[in-house]
Amino acid sequence: MTRWKHVSRRQALASGAAAIGGAASVLAGGSASPAAQSPATTPGAARRAFRAFVRFGTGASVQQLRLLPISPRQVVVETEAAQICYTTTRQALGTNMAPQAVIPGHGGVGRVIEVGSQVARIQVGDRVFVSGGPQCGECNHCLNGRADRCLMANGGGDPNAPIAEMLDGTKVTGFRGGCSELMVTFEDSIVPIFTKVPAVELAMLHDVGLAGLAATMTVAPVEPGSDVVVLGAGPLGLSAVQGARIKGAARIVAVEPIRGRRELARKLGATHVLDPNVEGTNLVTRIQEICTRPTTRPLAGGGPAGADYVIEAVGGDLFAPKVEAGPDPTGILSLQQAWQLCSPTGHLVTTSVGHPQGSVVTFPATQWANGSKNHHPGNLAGAQPKRDLPRFVRLIESGLFDAKSLATAVFPLDRTREAFEAAAYRTTVASVVSIQA
Ligand SMILES: [Zn+2]
Ligand SMILES: [Zn+2]
């Protein structure tokens, strides 16, 4: 494991002049001093200048940065576009003191411009996803089919290792950041794709859409003719609605407080849309009525009410919405309802985050102990990025997955803050930063 030795801001400033000298030399086609290079790097991209949205101290802004030398298993990607993941909004827009400068983000899509000496699967020129999660394929979790829990986050190294520095020498981390002209990450998080799909549409997949489609296609694949309930019609839930449609679900019930999102859910495949603020405490009963079988005779296909699949994509509010708020800002109510909605032998996929620290969900003890509901929690809803991202791209190419309708707000890099705000306050469905598209 390589760990970055801490260098104080004062030390960094003191050595800044020498670093800038090295940068100028490389940019002019010369070579930097040997001391500026780690032994196993490829010098071509070292000290390359680029711009990125950086959170540091109590603020965040687009900064001019210099790339640091990459390690042997890292890859440098010139970003085309990146979707803002709601999970990253607090990191990007928070006003607390951030002692470490960081490029917030959960990946993106772009083209490879540099590979480390030990990179095997990726070549310069490849169009790739930087995935919202790694898949090394060799750790214990990957070998057990749970790449969403891959143990090689950040290549197994220090997540705070810097990838770049500011003009004053301040080191910047962000091993997966997407709102940046360059992304630097380990090979484990890179998935090559061979497609002409526009970058803004691809950006619906690298993180959020990957999870939404995975919720219907990986750990609990939706069976044709089944009933699927999706709680929350943000970009993840709307991807799940589409996944359920693609898999041939008979009834798809989307529950969402924001009217525009409900309308989009219907366009993308929901057969029923419900407003949780209107349904109130009647929501579970109402959905159970919708999912009722045509008979109650057990030997004629009847059975207890409940959905075959429930996908929970609500979560706690990281920011108060500036549009219609849901009934419970903690997101706990939706977790409870998701369990109740699931049929006794159904599948429940929970995907959300943001619940208050220490909050608790309770279940009836007998059901928890020996009931038959199948619960599938997971990072990225159990996705295996190397397997799933290429096949999900083909769903766009074939017209089955409508990525274009999801990408409702596109911003240039200079307006990244607005992109984060649109996601944080839910004033759009999916917020994208387009850089080289
Ligand atoms: Zn994410
Ligand atoms: Zn792994």
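Biologist: Which residue does valine 310 stand opposite in strand 15?
Modeller: Valine 310 stands opposite leucine 348. This is a predicted model, where local features need pLDDT of at least 70, side-chain atom pairs count only at pLDDT 80 or more, and totals for chains, interfaces and linings use all residues. Residues are numbered from 1 along each chain as written, ligands are numbered from 1 in written order, and side-chain values use heavy atoms, without hydrogens and water.

Biologist: How do strand 14 and strand 15 pair?
Modeller: Parallel, over 5 bridges. Strands are DSSP runs of E, at least two residues, and helices are runs of H or I, at least four, numbered from the N terminus. Pairing takes at least two DSSP bridges.

Biologist: What lies between strand 14 and strand 15?
Modeller: Helix 11 (residues 332-341), in a right-handed β-α-β crossover. Right-handed means that, with the strands pointing away from the viewer, the path from the first strand over the helix to the second runs clockwise.

Biologist: Why is strand 14 called largely enclosed?
Modeller: Because 6 of its 6 residues are buried, meaning under 20% relative accessible area (1.4 Å probe, protein chains only).

Biologist: New topic. Which residues coordinate the zinc ion (ligand 2)?
Modeller: Cys136, Cys139, Cys142 and Cys150, each through SG, at 2.3 to 2.4 Å. Donors are N, O and S atoms within 2.8 Å of the metal (3.2 Å for Na, K and Ca); water is not among the atoms, so sites may look incomplete.

Biologist: And cysteine 142 and cysteine 150, buried or exposed?
Modeller: Cysteine 142 and cysteine 150 are both buried.

How values were computed. Buried means under 20% relative accessible area, exposed over 50%, partly exposed in between (1.4 Å probe, protein chains only).
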